[in-house]
Each structure stands twice: as structure tokens, then as C-alpha cells.
Amino acid sequence: MRAFHATRTRRTRDGRQDLPGLRGVRALRTGVRRGGGLVLTLTIDLTERFVDAADDWAEARLEDRETALETKAEQALLEIEYLVSGRTEADFEVDAETDELNYTPSDAVATLLSEQAADTGLDEATVLRLHVDLFSDAFSDDDDDRPPNAPPT
């Protein structure tokens with residue numbers, strides 16, 4: 001999802017005038033983050049843990065692998081988006097052949113990823129991969145399994 005804003009005529013950007021021939025062109029919001037540089041889309045490799053969770057999901061629901069990967073990615077990203085920004089949508093694509101996830105974070109999530117990347121010395125994509133991996137088992141049927149030493153209900 002891209003946000004477009006109207007261009008501002010007669011305004012200088014970095015000392016340059018807007019070109020008069022581009023008056024109808026809209027500028028793309030680039031998403032420059034504090035201290036983290038330009039972040040439009042993050043691409044991460046899905047971990048073995050995530051792929052195993054998606055395979056279990058597919059087997060339990062008789063879905064194909066691609067659908068299960070998309071479902072698990074959506075679950076994980078929606079959890080992250082909702083916890084950080086309160087949003088209930090996420091813009092992403094999953095490439096099932098290469099097990100890659102392309103994700104365009106909201107401003108709040110991008111800011112959080114940049115801050116955590118700066119704090120840890122990791123890049124934003126690695127921090128995102130850790131968060132996605134954390135939520136890979138969300139909504140699994142294993143939630144009903146009780147430990148053997150749990151008291152009866």
C-alpha cells in the first residue's frame with residue numbers, strides 16, 4: 001500500500017526547484033525513519049520454525065503450503081501491527097518458492113524496528129524476523145494441550 005501526496009509547487013527541495021513540467025505528478029511518500037534510513041519494504045527469509053508451523057497449519061486444515069505460509073505470515077504480522085500501532089491490517093507478500101516474506105511496515109512498526117535495531121546493533125530485517133518467528137506458533141491447536149503436571153480443570 002503506497003500513500004501519495006500532492007506535489008507542492010514553487011517549493012525548493014535540497015536547493016532545487018520543482019520542475020514545471022511535472023505539475024500533475026504526485027510525490028511518493030518515502031517513509032524515512034528516525035536514525036534508520038529509508039525503509040519501504042523489508043524482506044526476510046522465513047525460519048525453519050516458521051515454515052514448520054505453517055506446514056503443521058496446512059496439514060491440520062488441509063490447505064496447500066503457499067496458503068498456509070500466507071496465513072501464518074498474516075497472523076504474525078497482524079499481531080505485531082496490532083500490538084505496536086493498533087492497526088488491523090498489514091501489507092505483505094510471501095514467496096513460497098524461496099520462503100521469503102516482503103513486508104511494508106506501518107510508521108509505528110518501522111519506528112520500533114529502527115529503534116530496536118539501533119539498540120541491538122542488528123538491522124531492521126533481522127529484528128523483524130525475530131518478531132515474526134516469535135509469533136509463528138500463534139493460533140496453533142497446541143494451545144489446548146495441557147502439561148502433564150497441570151491440575152485438572
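The protein has 5 salt bridges, a salt bridge being a side-chain nitrogen of Lys or Arg within 4 Å of a carboxyl oxygen of Asp or Glu. The model is predicted, so local features need pLDDT of at least 70 and side-chain atom pairs count only at pLDDT 80 or more, while totals for chains, interfaces and linings use all residues. Residues are numbered from 1 along each chain as its sequence is written, and side-chain values use heavy atoms, with hydrogens and water left out.

**Whole chain**

Colour the model by secondary structure. It shows 4 helices and 9 strands; these are DSSP runs, H or I of at least four residues for helices and E of at least two for strands, numbered from the N terminus. Along the sequence the order is β-β-β-β-β-β-β-α-α-β-β-α-α. Of the 153 residues, 30% are buried. Buried means under 20% relative accessible area, exposed means over 50%, and partly exposed lies in between (1.4 Å probe, protein chains only).

**Salt bridges**

Select Arg49 and Asp137. Their side chains meet in a salt bridge, 3.4 Å from N to O. The pair links distant parts of the chain: Arg49 is in helix H1, Asp137 is in the segment after helix H4 (124-134), and 88 residues separate them. Arg49 is partly exposed at 38% relative accessible area, and Asp137 is partly exposed at 36%.

Next, select Arg65 and Asp55. The closest N and O atoms of this salt bridge are 3.6 Å apart. Arg65 belongs to helix H2 and Asp55 to helix H1, so the pair ties together parts that are 10 residues apart in sequence. Both count as partly exposed, Arg65 with a relative accessible area of 33% and Asp55 with 30%.

Then select Arg87 and Glu89, a salt bridge with its closest N and O atoms 3.4 Å apart. Returning to the second pair, Arg87 is partly exposed at 29% relative accessibility, and Glu89 is partly exposed at 39%.

**Negative patch**

Select Asp64, Glu66, Glu70, Glu74, Asp95 and Glu97, which gather in a patch of negative charge on the surface. Such a patch is made of residues with over 30% relative accessible area and no salt bridge, like charges being joined within 9 Å. Asp and Glu count as negative, and the place of a charge is taken as CG of Asp or CD of Glu. Accessible areas come from the Shrake-Rupley method with a 1.4 Å probe.

Which helix gives the largest share of the negative patch? Helix H2 (residues 65-85) does, with 3 residues. Asp64 lies in the loop between helix H1 (48-61) and H2, and counts as partly exposed at 46% relative accessibility.

Select residues 91-95, strand E8. Phe92 and Val94 make up its covered face, and Asp91, Glu93 and Asp95 its uncovered one. In a regular strand the side chains alternate between the two faces of the sheet. Asp95 also belongs to the negative patch.

Opposite Phe92 stands Tyr103 of E9. End at the hairpin of E8 and E9, where 4 residues lie between the strands and Asp99 takes a positive phi near 55°.

Notes:
Pairing = 2+ DSSP bridges. Patch = residues over 30% accessible without salt bridge, like charges linked within 9 Å, V, L, I, M, F, W, Y side chains within 5 Å.
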